[in-house]
Amino acid sequence: MTRRHHAGSVGVSPTKHSALLAAIVSLIVAMSVAIYVSVASDDGTAQRSVAGPRPPHNSAAPVSTGTWVGSWSTAPSAAEPGTETAGLHDRSVRNVVHTSVGGTAARITLSNLYGRLPLTLTHATIALAAADDSAAALPQTMRRLTFNGITTAVVPPGGQVMSDAVGITIPYDSDVLITTYAPAEPGPVTVHAHVRQISYAAQGDHADDVTGTPYTEQVESWRYLTALDVLSKEAHGTLVAFGDSLTEGHSSTMGANRRWPDVLAERLREAADAGQDVPRYGVVNQGIGGNRILTGGNGRPADNPSGLTRFARDALGRTNVKVVVIDLGINDILRNPSVTEPDQILDGLRTLVGQAHGRGIKVIGATLMPFGGHRGYSADREAVRQEVNAEIRAGRVFDAVVDFDRALRDPYDPRRFRPVYDSGDHLHPNDRGYERMAHEFDLSELKGSVPALL
């Protein structure tokens with residue numbers, strides 16, 4: 001700051017002018033860096049609430065270093081039936097999610113994709129679960145979440161917000177409770193249903209309850225919540241599993257985390273801990289039951305949006321993505337009123353690969369598994385599957401291939417699952433089948449990236 005001088009003073013000396021100029025330049029640079037860091041940390045996938053004063057310093061604020069990676073996520077897939085007008089007024093929603101990697105801090109993403117009005121959440125918490133299949137929390141782990149420094153999050157219709165980071169030790173392979181409270185939810189509720197995991201709800205604001213007693217409502221859905229990121233020293237990136245019910249984990253054991261992405265995360269961790277030269281990734285599951293590459297469901301936005309529609313948000317928009325595994329196409333064959341041409345499916349897959357390459361992200365593609373014996377089976381549809389698989393195996397679609405078809409088909413009747421892997425509907429694997437899928441990966445092929453297209 002300049003000093004005032006007595007009358008007759010000739011002003012500030014050249015030396016002081018230089019010091020003042022240097023101080024101003026330093027201030028501008030510091031402010032620019034702060035703005036850049038704030039924007040870059042959001043990575044364009046979430047908006048932050050910006051109202052009200054900042055609360056006192058959070059003693060649980062993270063002080064550790066590491067890399068932000070995805071530990072868990074899900075794709076918003078529909079408006080929850082029955083919530084179109086009433087929403088979930090005066091309700092606490094406690095989502096139970098399972099981590100693929102651990103960290104020393106955490107942040108979450110909340111979605112209002114299917115909401116028609118802003119969603120106001122006045123209380124949000126995160127804690128470790130006290131036990132499997134329980135709404136009870138370990139008391140010493142309960143943390144209140146903030147959004148741009150305040151405890152209220154306003155999620156715009158069709159949008160999403162990311163919380164601030166909070167200091168909490170999150171172990172890998174653990175259940176985490178993420179609870180939100182909405183005093184007047186306008187609906188519809190954004191949800192991912194049929195998730196093979198029980199979550200909970202309670203009347204009133206019980207976001208910081210550790211007993212679990214008020215949580216008498218059980219649902220097989222994740223509401224609002226779409227991501228849990230952790231600040232990790234054990235992982236340096238995220239693998240996104242992008243697909244349909246075969247990735248989502250249909251027919252796997254409830255609450256057991258036996259989907260193939262769960263088993264793949266376990267394989268990567270065990271191999272890295274054993275000193276093998278494999279990447280250390282968080283693994284996140286972006287499968288939606290019934291998902292197709294080319295066609296979405298009804299509504300605006302569409303229930304069960306197509307792979308082409310949602311890929312940028314659900315795959316490329318996740319945190320620190322290094323590789324995407326795509327397993328899509330069976331529902332394009334099964335669900336259209338007439339047989340889908342193989343070239344249409346392949347063109348859709350190549351479009352997804354091109355989008356990923358534009359971000360320098362490697363893509364592993366899965367062959368389409370057999371469905372002989374399923375009610376939708378026909379010789380014409382089988383021919384389409386075979387043509388698509390031939391192109392995938394020839395290396396003309398993806399950067400690398402994981403051959404799920406070879407892993408699970410019956411050697412005596414390749415149109416069908418091997419019986420030991422069949423859940424019984426001749427379309428979805430059982431736990432043993434999902435485990436076999438995860439073991440089909442060559443872990444070394446998950447390393448690396450592709451040059452970004454300019």
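View 1. Strand β17 (residues 237–243) runs parallel to β19, and six bridges join the two. Strands are DSSP runs of E with at least two residues, helices are runs of H or I with at least four, and both are numbered from the N terminus. Two strands pair if DSSP finds at least two bridges between them. Residue V240 stands opposite V324 in β19. Strand β20 (residues 362–366) is likewise parallel to β19, to which four bridges join it. Here the bridge partner of I326 is G365 in β20. Strand β19 itself (residues 321–327) is mostly covered, with six of its seven residues buried. Buried means under 20% relative accessible area, exposed means over 50%, and partly exposed lies in between, for a 1.4 Å probe and protein chains only. The model is predicted: local features need pLDDT of at least 70 and side-chain atom pairs count only at pLDDT 80 or more, while totals for chains, interfaces and linings use all residues. Residues are numbered from 1 along each chain as its sequence is written, and side-chain values use heavy atoms, with hydrogens and water left out.

**View 2. The open sheet β2-β12-β15.** Three strands form this open sheet, in the order given, and their pairing is antiparallel. The edge strands, each pairing on one side only, are β2 (78–79) and β15 (221–223). Strand β12 (residues 190–193) pairs with β15 over three bridges in the antiparallel sense. Opposite W222 in β15 stands H192. In general, strands of a sheet pair through backbone hydrogen bonds, either parallel or antiparallel.

**View 3. The packing of helices α4 and α6.** Helix α4 (residues 307–316) packs against helix α6 (residues 342–357) at an angle of about 30°, and their axes are 10 Å apart. The two helices are therefore roughly parallel. Axes are lines fitted to C-alpha atoms, for helices over the stretch in contact, and angles run from 0 to 180 degrees between N-to-C directions. Angles under 35 degrees count as roughly parallel, over 145 as roughly antiparallel, 65 to 115 as roughly perpendicular and the rest as oblique. The contact (heavy atoms within 4.5 Å) is made by G307, L308, F311, A312 and L316 of α4 and by G348, T351, L352, Q355 and A356 of α6. By class, the contact of α4 with α6 has six nonpolar, four polar and no charged residues. Ala, Val, Leu, Ile, Met, Phe, Trp, Tyr, Cys and Pro count as nonpolar, Asp, Glu, Lys and Arg as charged, and the others, Gly among them, as polar.

**View 4. The packing of helices α3 and α9.** Helix α3 (residues 260–273) and helix α9 (residues 431–438) pack at an angle of about 50°, with axes 8 Å apart. Helices α3 and α9 are therefore oblique to each other. From α3, the residues W260, V263, L264 and R267 make the contact, and from α9, Y434, E435, M437 and A438. Six residues of the contact of α3 with α9 are nonpolar, none is polar and two are charged.

View 5. Residue T211 lies in the loop between β13 (199–203) and β14 (217–219). With a relative accessible area of 47%, T211 is partly exposed. The C-alpha atoms of T211 and S134 are separated by 9.5 Å, although the residues are 77 apart along the chain.
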